[in-house]
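Subject: Structure handover

Dear colleague,

Here is the structure I said I would pass on. Please look it over before reading my notes.

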Amino acid sequence: MADDAFARLVRVAGSVSAEGGSPPLFSGSVNGRQPYPLDQWKPSNCGYVDIAIDRDGRWFHEGSEIKRIDLVSLFAGLLRREDDEAYYLVTPGEKVEVSVALHPLMVVDATRVDDATTSQSRLGLILNSGGVFYLNDETGLTPEPAAAGAAFISLPNKLTALFTRAAWYRLVDMADDNGCVESGGQKYSLL
């Protein structure tokens, strides 16, 4: 199987030690960094802030798109959805509600990564915020009726990530004749 840049990114994402002075990447983190302990932070609600995430996963502040990927990545790492189904940016001292049109994050690519230890391959899913997740029973694939047949995955802190059209087509190209993709020895239906 051909090795590409995304496969290399996913392969090293499981490592938590920096190599060559570069910061470590963490698989299972929405932004590829050491996850914040959002579940332990219990700040007071400070109201609403004019930050919105549109249907395409683009972040806006007061109507202007936030184009600095580092800032979007930082905010994504502070985002959680609570039992009231609202989305909040959370720090140890405060939390503010933000608006999300459909799903807060996007899967921008999918790539097959061979695992030498198990001789099985897994599907690595790359997020628009820099995070990497493997397709497994925790992430799952859930159809999104509002996205013309594409699916979304489940993430920590009750977040979700919708496949972009390009990432969904790439996943469809990987499917077998029954419309299933395999990851870590498990089959997941795209239908």
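The notes below go from the overall fold to the core, the pocket and a few single residues.

The model is predicted, so local features were taken only at pLDDT of at least 70 and side-chain atom pairs only at pLDDT 80 or more, while totals for chains, interfaces and linings use all residues. Numbering starts from 1 along each chain as its sequence is written, and side-chain values rest on heavy atoms, with hydrogens and water left out.

Overall

The chain has three helices and 14 strands; these are DSSP runs (H or I of at least four residues for helices, E of at least two for strands), numbered from the N terminus. Of its 191 residues, 44% are buried, where buried means under 20% relative accessible area, exposed over 50% and partly exposed in between, with a 1.4 Å probe and protein chains only. Taking contacts (heavy atoms within 4.5 Å) between residues at least 6 apart in sequence, 53% join residues at least 24 apart.

Sheet and hairpins

Six strands form an open sheet in the order β3-β2-β1-β6-β5-β4, with mixed pairing; strands count as paired if DSSP finds at least two bridges between them. Its edge strands, β3 and β4 (79-81), each pair on one side only. β4 runs antiparallel to β5 (residues 87-90), with three bridges between them, and Arg 80 stands opposite Tyr 88 in β5.

- β11 (residues 151-154) and β12 are antiparallel and joined by three bridges. Ile 153 faces Ala 161 of β12, and five residues lie between the strands.
- β13 (residues 180-183) and β14 (residues 186-189) are antiparallel and joined by four bridges. Cys 180 is opposite Ser 189 in β14. Two residues lie between the strands, and Gly 184 has a positive phi near 60° in this hairpin.

Core

In soluble globular proteins, nonpolar side chains tend to be buried together. The largest nonpolar core here holds 46 residues, and Trp 59 and Leu 141 touch the most other members. A nonpolar core is a set of buried Ala, Val, Leu, Ile, Met, Phe, Trp, Tyr and Cys residues joined through side-chain atoms within 4.5 Å.

Ala 76 is part of helix α2 (residues 69-77) and is buried, at 1% relative accessible area. Leaving out residues up to four places away in sequence, Ala 76 touches Val 30, Trp 59, Leu 105, Ser 129 and Leu 159. Its C-alpha atom is 9.6 Å from that of Asn 128, 52 residues away along the chain.

Pocket

The largest pocket has a volume of about 280 Å³. On a 1 Å grid over the protein atoms alone, a pocket is an open set of points where a 1.4 Å probe fits, with protein on both sides within 12 Å along at least five of seven lines, and lining residues have an atom within 4 Å of a point. Grid points are joined across faces, edges and corners, and the volume is the space filled by probe spheres set on them.

Its lining has 15 residues, and Ala 147, Ala 150, Phe 163, Thr 164 and Arg 165 lie nearest the centre. β12 and α3 (165-174) each supply at least two lining residues, and α3 gives the largest share, three residues. By class the lining has 10 nonpolar, two polar and three charged residues. Ala, Val, Leu, Ile, Met, Phe, Trp, Tyr, Cys and Pro count as nonpolar, Asp, Glu, Lys and Arg as charged, and the others, Gly among them, as polar.

Single residues

Glu 62, in the loop between β2 (59-61) and β3 (64-65), has a positive phi near 50° and is exposed at 57% relative accessibility. Asn 157 sits in the loop between β11 and β12; its phi is also positive, near 60°, and Asn 157 is partly exposed at 30%.

Asp 114 lies in β7 (residues 105-115) and is partly exposed at 46% relative accessibility. Asp 114 and Gly 124 are 10 residues apart in sequence, with their C-alpha atoms 10.0 Å apart.

Regards
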